[in-house]
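Thanks, everyone, for making the time this morning. I would like to walk through a few places in this structure, so please keep the sequence and the view open as I talk.

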Amino acid sequence: MEQIYRDVVQKKEAELCAWNKKSNIMGSVKLVLFFACAVIFIMLWLDPFSIVRGAAACSSLLLFFISFHIHERILRRIDVIRGLCGVAANDVKRISGTWSTFPDTGEEYADSGHAYATDLDIVGERSLFQFINRTNTYHGRKSLAKALLHSEYSVEQIRKRQKAVEELREDYEWAAYLEYLFSTIGVDDNFPQMLSEVQNEERFITFQFANPLTWLLRIVTCAAALSALFLKSNRCFFILGMLLLLQLSLGGIGTYRIKKYLGYTKTIAGRMAPYNLILQEIASRKFSSVLLTDIQSCLSEAMEGIRQLTSISSHMKYMANPIAGFLLNAVLLWDYKNAFDFQKWKQRYGGKAKEWFTAAGEFESFLSFAGLARTCDTVCLPVISEKDTKISAVQIGHPLLANRERVCNDFEMPHSIIIISGSNMSGKSTFMRTAGINMVLARAGSYVCAEYMCCPVLRIVTSMRIADRTTEGISTFYSELLRIRKMIDCAAEYKNVLFLIDEIFRGTNSVDRQKGAEGVLKRLHELGACGMITTHDLEICNLADETEIINYSFYEEYEGDEMYFDYQIKKGVSKTRNAEFLLKKIGIL
């Protein structure tokens, strides 16, 4: 896939070069036509009764507007090509391993109290969110974060999500185009406030004849302007002046109320237009999966409402120009028109708006999960089991590792507890995170990084990156105790809990570590939880002799003065230790 993406980038760059040349040519044509128009109109002004010059003036003006329209289309095409080139370039970064430069890390979704977010690198720097994220709107990011951090989907819902993700995987060009269109909207933190405002059906002015009266005032003002223009009567000019003064006064009086009523809708007006293209694309597509069909149905109903909101928003933009705003308010009470149009729109569509944007955000999150299948060399849609509690996987790997660096493992875990032993740097923690992050993806209805995977829906809790909380007077060991206490409480409250503990009780002596590990594992087993722990302490592995615990291990091999890791998980207790070797290697011993 990397070469395919590089070919797309190369192709788009060549197209961009060709269209830029067309743009330069059309820009020159516009400039020539502009000066030609100026010269011809000057000649026409010198001889206003010349039919030939009049015809030439009309023709040159028409040609100028045609060239202007053509140039605008060329510029829009250039924007699309540049956007698609950017999408493909980001895909190259994902495959080549340079994706950690992506600015959107989802850091604001990080929560130290979350069951697994930090330990499994779900959000934050070099995280799963940063890697797979193809969302470009507020609701898209929120939907993706929810699926990764707070998924509460049933087995049936996960299967429906898998069908939607699988369908979006098939057509890369169309998915890339949709990603580009969403990127033209962008993330705006004011969007929730805007939605709150459009859902509020409060009337701008409760007096029911207020809008008709403003229309009547506009009509009278326009009629007075035409009368003054053609009749050139002082009385007409006086009446027109009084009407303009009245409308400006009304505009001044209502400024604060109008600004408050339009709220954030006025500030994000420019972000509405791209939704029209997105809705058209989705509405014209034929889907087979249930969830995509539901989204399509929802967004098809939204098309007229979004079109009207886009129109209202574009009218609001005119007021950004002080001169245009002054004239429009003086003649047409433009601010009042926008407020009444917005009032009418809210009463008709306000209650549905959140559903529309949420559906569009869900579609974006599906694009992100579908993109994972085009990034990792080995992926599958996991089989979600309703009855079997066993986790089994063939060639499961960590999705955040580059394809050329990833080492995959076959693995099977019955509903029991596994102790993974091994020496330093042998791969214990990475494998545990591999299992955890793929379980998170499976729960979200996404592809996983494996040739085959079968698993139940498990609630994930972890204790891996434990640090002391100095300002609170809490040591590393006590922090871990608090974390494991939450883990036990979770296992007591919910069924089907998967726990992951890295280097259990590393902050205390070996005697207390072994005794504490035994107590924790027995308690979690009694509560019906399954999970993994890693340890350097081989004495803890002896717990397998007394309880339903299985030992797995990673270990290294030596050739002369060199140490090699194969990062392959094996059954049984680790056979090697490398701390003394490493101490000697760096000259401490």
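A residue is called buried here when its relative accessible area is under 20%. The model is a predicted one, please keep that in mind throughout.

With that cut-off, let me begin with strand 9, residues 549-554, which is mostly covered, five of its six residues being buried. Which strands does strand 9 pair with? Strand 4, residues 417-422, runs parallel to strand 9 and is joined to it by six bridges, and within that pairing I419 has N551 of strand 9 as its bridge partner. Strand 12, residues 570-571, pairs with strand 9 in the antiparallel sense over two bridges, with K571 of strand 12 as the bridge partner of Y552.

Next, helix 6, residues 172-183, is largely enclosed by the rest of the structure, because nine of its 12 residues are buried. Among those buried residues are W174, E179 and F182, and the elements that cover the buried residues include helix 1, helix 2, helix 5, helix 10 and helix 14.

Beyond its neighbours within four places in sequence, R141 is in contact with several residues, including D104, E108, Y109 and V187.

Technical notes:
Residues numbered from 1 in each chain as written. Predicted model: local features only at pLDDT ≥ 70, side-chain atom pairs only at ≥ 80, totals over all residues. Heavy atoms only, no water. Contact = heavy atoms within 4.5 Å. Buried < 20%, exposed > 50% of the residue type's maximum accessible area, 1.4 Å probe, protein only. Helix = DSSP H or I, 4+ residues; strand = E, 2+ residues; numbered from the N terminus. Pairing = 2+ DSSP bridges.
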